[in-house]
Amino acid sequence: MINTLLLRKRMKIKTAAALLCFQLVIVSCQKEEKKTATTETKTTNDSIKLTKTEEKIDYTNFNIFSLSTISSAEKDSDVDIFISVSDIYKGVQPIPADIIKDQKQMSFEELQHFELDAPSRKKLLNGIHLTENDSLYIYNYQSNTLQKKPVSQLKAVAYLSPYMSDSEEVDPDSYMLGFQVETHQKITDYDKYDNAIAYFGNKNPFVENKMKAVKWQKAGTDIPKKYFTHSKLIQGKTYQAQYENMTYYLQDYLEEGNTVERKLVITNDRKEKIAEKTFSLAGSDGGEFRPLYGIDADEVNASQWTGHLFKGKPPVIFGFIAQSFGCPSISFLDKTEKDFPINCDNRH
């Protein structure tokens, strides 16, 4: 959900999908991340049409993932495309015992990346409740392209955390575990996974061709008083955008001249408020608001996206905050729906 998506640093890992300064980079301190954005949602029953679909998706224990780019060990100009599932794996990481036991006899390059053996692969699949008959679905909502890959054809792999040095002893938790999507891709081509999310399962959960970048413009001076309540913070600029029969209004709130909060109000074609959300940097560690397409970013660098993304679910919106710690989330324009976090193995 989940947006500048760019290659800021030549690290061992560069994140693709996007939703973030490392939105799609792997950076976390244990698994105790603080959420950068505090999101509140309100809506009315007159809100938003669900996308009609005959296929029902079970959203119990539903997980989506970002795609990451990892520098190839063989060639610095190449990258591998990788999906880590370590965020949802429970228990001891299924790293082959001989890797840990024989690490002093292995070079640092040999320790950095390897394919899991058959027992470790089986343990990984069981730990995330997948079978070889399931599939990987990768949906790029910018280009409206859907890829489907059988799990049985994906390599189960382990990549050493880029924050490990050759002077440190390796243990199972030092590795990111998951599946290799592509190998030896040119760095210049990695961005095809910038605006993409992935799902493992037996049905495609994605609605195709119903997402669009949010293009903002300055709103009228009457909008703040009409749609936004009083705040202790200073009101800044106000913007608006359109999607189908809905109008989005976005209000900046300032502290010491800096935008620290943004409130979003959505109205229907009768000018009635049907939903509202709050995005805040309060308590964040290094997070920042992303540029707004149409105001201070062009279409190529659009960060906020909205539309129908999941079958049988209300429309979504995401891409307001670039995370430094933690993973981004996809928010629904419906107060009864909880955010979908995008698993990104954000370790530090």
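Cys327 is buried, and Cys344 is buried too; here buried means under 20% relative accessible area, exposed means over 50%, and partly exposed covers what falls in between (1.4 Å probe, protein chains only). The model is a predicted one, where local features need pLDDT of at least 70 and side-chain atom pairs count only at pLDDT 80 or more, while totals for chains, interfaces and linings use all residues. Residues are numbered from 1 along each chain as its sequence is written, and side-chain values use heavy atoms, with hydrogens and water left out.

The two cysteines form a disulfide with an S to S distance of 2.1 Å, a disulfide being a pair of cysteine sulfur atoms within 2.5 Å. The structure holds 1 disulfide. The pair ties together distant parts of the chain, 17 residues apart: Cys327 sits in the loop between β21 (321-322) and β22 (329-332), and Cys344 in the segment after β23 (340-343). Helices (H or I, at least four residues) and strands (E, at least two) are DSSP runs, numbered from the N terminus. The torsion about the S-S bond of Cys327 and Cys344 comes out at about -95°, so the disulfide is left-handed. Asn346 also lies in the segment after β23, and its relative accessibility is 1%, so Asn346 counts as buried. The side chain of Asn346 reaches over to the backbone oxygen of Gly326 at 2.3 Å.

Zooming out, the chain has 4 helices and 23 strands. Of its 348 residues, 55% count as buried. The accessible surface of the chain comes to about 16,800 Å², with 46% of that belonging to carbon and sulfur atoms; the areas come from the Shrake-Rupley method with a 1.4 Å probe, and for residues only the protein chains shown count as cover.

On to the cores, where a nonpolar core is a set of buried Ala, Val, Leu, Ile, Met, Phe, Trp, Tyr and Cys residues joined through side-chain atoms within 4.5 Å. The largest nonpolar core has 34 residues, and Leu67, Tyr175, Phe179 and Phe200 touch the most other members. At least two residues of this core come from each of β5 (78-84), α3 (118-127), β7, β9 (155-160), β10 (175-186) and β11 (196-201). The largest share, 4 residues, is supplied by β10. Another core, of 23 residues, lies apart from it, with Tyr137, Met211, Trp305 and Ile330 among them.

As for partners, two strands pair if DSSP finds at least two bridges between them. Strand β4 (residues 68-71) runs antiparallel to β5 and is joined to it by 4 bridges, and the bridge partner of Thr69 in β5 is Ile81. Strands β5 and β10 also run antiparallel, joined by 6 bridges; the bridge partner of Ser84 in β10 is Gly178.

Then there is the hairpin of β7 and β8. Strand β7 (residues 135-140) and strand β8 (residues 145-150) run antiparallel and are joined by 6 bridges, with Leu146 of β8 as the bridge partner of Tyr139. The hairpin has 4 residues between the strands, and Asn144 takes a positive phi near 55° there.

Positive phi values turn up in other loops as well. His129, a residue other than glycine, has a phi near 60° and is placed in the loop between α3 and β7. At 72% relative accessibility, His129 counts as exposed. Glu256, not a glycine either, has a positive phi of about 55° and lies in the loop between β15 (246-255) and β16 (258-267). Its relative accessibility is 76%, so Glu256 counts as exposed.

Finally, Ser165 lies in the loop between β9 and β10. With a relative accessible area of 28%, Ser165 is partly exposed. Its side chain makes a polar contact of 3.0 Å with the side chain of Ser167; a polar contact is a pair of N or O atoms within 3.5 Å, where within protein one must be able to donate a hydrogen and the other to accept it, and residues adjacent in sequence count only if both atoms are side-chain atoms. Ser165 and Phe108 are 57 residues apart in sequence and, C-alpha to C-alpha, 8.5 Å apart in space.
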